[in-house]
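I opened my notebook to look up a few things in one structure.

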Amino acid sequence: MNLTFGICWIEDQAADAEIDAVQEAVRQNGFEPAIHRVEKEEEIRSFVEIQKQYHDFDLILLDLRLGGGLRGNELATQIRENFRSTPILFYSGEAEDALRTMMCDKRIEGVYCANRDRLATRVAELVDALTPALNRLSSMRGLAARVVAECDEELRTILLHLSVKDGNDKAIVDSLKKRLEEGGEIQRTAVQALSSLPEMLGGPSVPSGVLFTEARERARAENGTDDVRDLLRSLKDYKQQVLWRRNTLAHALEERTDKGWVIHRVNAKPLTVSDFERYRRDFLSNLRDLRQLRALLIPEEAE
């Protein structure tokens, strides 16, 4: 599972406001938009190869009137032949019934139609409709594990860079050892205080938390700029929004009910689809902040 929602947009003159609206339509569903613009017919072939190798595109946006007199309904057959199962949103300033007739005449399947004024609204609706499987517990578990792995890699890179830059490899090693030893002692003490099996099901502390704490403290000491301080403040809930949720999802259970799938947590309210959308937004926000922190601390030439 991925945090991005890929769009192949075949359009030669989309306005900045229109692009922003489409991006926001994707974000409101908890995904990061990855929009790839296609402005010339000959560019489609390269995007076809990308889709075959990586399946980067979840939706194709196709305008009716393209540059050079090219029309989207004439291009649709080629697109469907090459993007066999990717949904297409066909749009223009014309009535939606007229657009549907054009697609019907060409016998193009898997096409949605929209008036240009409703483009962003239809994108939001389609993202919501096309991603229900991503709101299943197994998908969210996979996403949480992937996000933590990527965040861990950012944190490791920061610490390795600082150890070389400042020549304090031993200091960081000793500090990490101390944190792990302290964490182990706290865990041992906490376990001794538990008196029932349900209390023990919350799971132990994870090394990812120690990794984050170490990198945060080192970043604060290394770089006191406003940008770094702002990012560290933005990351203040990282453990709760990323690590805690990763552990929660790992121990949750999914139940099929008359009202749909219900995700039960130990000693907490069940999760809902809206919770998953919020989780994705928070995962993305924290991962983006860590990447920005890495970029501030590590010059490109030092990568």
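**Entry 1: the starting point**

I noted that this is a predicted model. I kept that in mind for every entry.

**Entry 2: the five-stranded sheet**

I asked in what order the strands of the five-stranded open sheet lie. I read the order as β2-β1-β3-β4-β5. The pairing in this sheet is parallel. I then looked for the edges and found β2 and β5 there, each pairing on one side only. Neighbouring strands are turned by 25° against each other on average, direction ignored.

Strand β3 covers residues 59-63, and strand β4 covers residues 88-92. Four bridges join β3 and β4 in the parallel sense. In this pair I found D63 opposite Y91 of β4.

**Entry 3: the three-stranded sheet**

I turned to an open sheet of three strands, in the order β6-β7-β8. Here the pairing is antiparallel. The edge strands are β6, residues 253-257, and β8, residues 268-271. Each of these edge strands pairs on one side only. The twist from one strand to the next averages 30°.

I followed β7, which spans residues 260-265. Two bridges join β7 to β8, and the two strands run antiparallel. I263 stands opposite L271 in β8.

**Entry 4: salt bridges**

How many salt bridges does the structure hold? I wrote down 28. The general idea is that side chains of opposite charge can pair when their charged atoms come close.

I looked at R116 and E11 to begin with. Their side chains meet in a salt bridge, at 2.7 Å from N to O. The pair links distant parts of the chain, 105 residues apart. R116 is in the loop between β5 (111-115) and α5 (119-130). E11 is in the loop between β1 (4-10) and α1 (16-27). I checked the accessibility of both partners. R116 counts as partly exposed because its relative accessibility is 23%. E11 is buried, at 0%.

This pair belongs to something wider. E11, E18, D63 and R116 are linked in a network of salt bridges.

Next I took E74 and K106. Their closest N and O atoms are 3.1 Å apart.

My last pair was R179 and E214. Their closest N and O atoms are 2.4 Å apart. R179 lies in helix α7 (residues 169-193), and E214 lies in helix α8 (residues 207-222). The two residues are 35 residues apart in the chain. R179 is partly exposed, at 25%. E214 is buried, with a relative accessible area of 1%.

**Entry 5: cysteines**

I searched for disulfides, and the count came to zero. C113 is buried, at 4% relative accessibility. C151 is buried as well, at 0%.

**Entry 6: the second largest pocket**

I noted about 270 Å³ of space in the second largest pocket. Its lining has 13 residues. Which of these residues are closest to the centre of the pocket? I listed N2, T4, F5, G6 and D58. The elements that give two or more residues to the lining are β1 and β2 (32-38). The largest share comes from β1, with three residues.

I finished with R107, in the loop between α4 and β5. R107 has a positive phi of about 55°, although it is not a glycine. I made a note because most residues other than glycine have a negative phi. R107 is exposed, with 75% relative accessibility.

Definitions and conventions. Residues numbered from 1 in each chain as written. Predicted model: local features only at pLDDT ≥ 70, side-chain atom pairs only at ≥ 80, totals over all residues. Heavy atoms only, no water. Pairing = 2+ DSSP bridges. Axes fitted to C-alpha atoms, helices over the stretch in contact; angles between N-to-C directions. Salt bridge = Lys/Arg side-chain N within 4 Å of Asp/Glu carboxyl O. Buried < 20%, exposed > 50% of the residue type's maximum accessible area, 1.4 Å probe, protein only. Disulfide = S-S within 2.5 Å. 1 Å grid on protein atoms, 1.4 Å probe; cavity = no way out; pocket = protein on both sides within 12 Å on 5 of 7 lines; lining within 4 Å. Points joined across faces, edges and corners; volume = space filled by probe spheres on them.
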